[in-house]
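User: I would like a close look at one part of this model, the ligand site and what lies around it. Please keep it brisk.

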Amino acid sequence: MSGVRLEAKVHIVTGAVTSAQNIIKCCNRTGLNVADIALEPLASAEAVLTPEERELGVALVDMGGGTTDIALFHDGAVKHTAVLAIGGNHLTSDIAAGLRTPIGEAERIKQRYGYARTSMVTKDERVEVPSVGGRNSRTISRQILCEIIEPRLEEIFQLIRREIAKSGYEGSLASGAVMTGGSTLLPGMIEMAEGIFGMPVRLGIPTRVGGLVDVVSSPIYATGVGLVLYGMKRQEKSFFRIREDNLFAKVRNRMVDWFSEFF
Ligand SMILES: Nc1ncnc2c1ncn2[C@@H]1O[C@H](COP(=O)(O)OP(=O)(O)OP(=O)(O)O)[C@@H](O)[C@H]1O
Ligand SMILES: [Mg+2]
């Protein structure tokens, strides 16, 4: 084909160089070489989305501990990405403050007794809550625990819904949303998300992998499995190792390289 002008629409993800530096430094200190860095929801998407979903339009929502990451796909391509600074750890700290219990206990109680909807648990279910400062532990109704979780989750879901609406692709998500990340292990999440997003939602569990399938078949491993698949696609790229000296220049050069790949 002949032509005089070539146009492309590209999605560029930018980030703070220091944040990228810190991640690379952590990996290097454990003895690992870093081949590339990837935005978390794009890695998770590799593990949990099907090609048909990406084609028809889908919202990938990865709810982790510190952040909730969003990536919207349509026509097989990334259309929008966003990172919200709120996640499962906020639920835990709400429980710790609300029930006056240490963070570690709040985390354990959330994982064992947490439920997204208060109406789904009965009043007579009791939960033992250890106290702080050597005081005696108490028992509370499981409903009280869920009354702490539900409004915070609703707030997070509303923020996600607003971010999707803001992107302008709300009407292009024929496949609905796929939720993944450790926080989606909380029962009742998917039903609650469907109600708030107003679209079909499914749980994203890593697929397309062999080996220890039983171990990694959990939304908590979506990013890990996704990074492996993402890396496989880019195997031809050379590895680079950043030493302590002149770290900044090397990360900056790497980021400049990303841009030169596009332009
Ligand atoms: N069974 C469970 N029920 C509810 N929440 C859970 C459960 N197991 C783990 N979590 C929550 O999942 C979160 C961690 O998820 P994940 O491993 O996806 O996060 P991360 O990828 O490390 O963090 P981020 O994406 O924010 O960088 C924690 O907030 C934890 O409390
Ligand atoms: Mg995560």
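Which residues in α2 are buried? And then, which residues come nearest to ligand 1?

Analyst: This is a predicted model, where local features need pLDDT of at least 70, side-chain atom pairs count only at pLDDT 80 or more, and totals for chains, interfaces and linings use all residues. Residues are numbered from 1 along each chain as its sequence is written, chains are lettered from A and ligands numbered from 1 in the order in which they are written, and side-chain values use heavy atoms, with hydrogens and water left out.

Start with α2. Its buried residues are Pro41, Leu42, Ala43, Ser44, Ala45, Glu46, Ala47 and Val48. Buried means under 20% relative accessible area, exposed over 50%, and partly exposed in between (1.4 Å probe, protein chains only). Helices are DSSP runs of H or I with at least four residues, strands are runs of E with at least two, and both are numbered from the N terminus.

Now the ligand. There are 16 residues around ligand 1, and Glu40, Gly66, Glu107, Lys110 and Gly182 come nearest. A residue counts as near if one of its heavy atoms lies within 4 Å. By class, the shell holds 3 nonpolar, 10 polar and 3 charged residues. Here Ala, Val, Leu, Ile, Met, Phe, Trp, Tyr, Cys and Pro are nonpolar, Asp, Glu, Lys and Arg are charged, and the others, Gly among them, are polar.

For Gly66, a backbone N or O atom lies 2.8 Å from an oxygen atom of ligand 1. For Thr67, the distance from such a backbone atom to a ligand oxygen is 2.9 Å. For Gly65, a polar backbone atom is 3.2 Å from an oxygen atom of ligand 1. On its own, ligand 1 has 660 Å² of accessible area, and the protein covers 75% of that. These areas come from the Shrake-Rupley method with a 1.4 Å probe.

Which elements build the shell? Helices α4 (88–99) and α5 (103–113) are the elements that give two or more residues to the shell. The largest share, 3 residues, comes from α5.

The link between these helices deserves a look. Arg100 is placed in the loop between α4 and α5. Its phi is near 50 degrees, a positive value in a residue other than glycine. Most residues other than glycine have a negative phi. Arg100 counts as exposed because its relative accessibility is 60%.

Terms used:
Polar contact = N/O pair within 3.5 Å; in protein donor to acceptor, adjacent residues only side chain to side chain.
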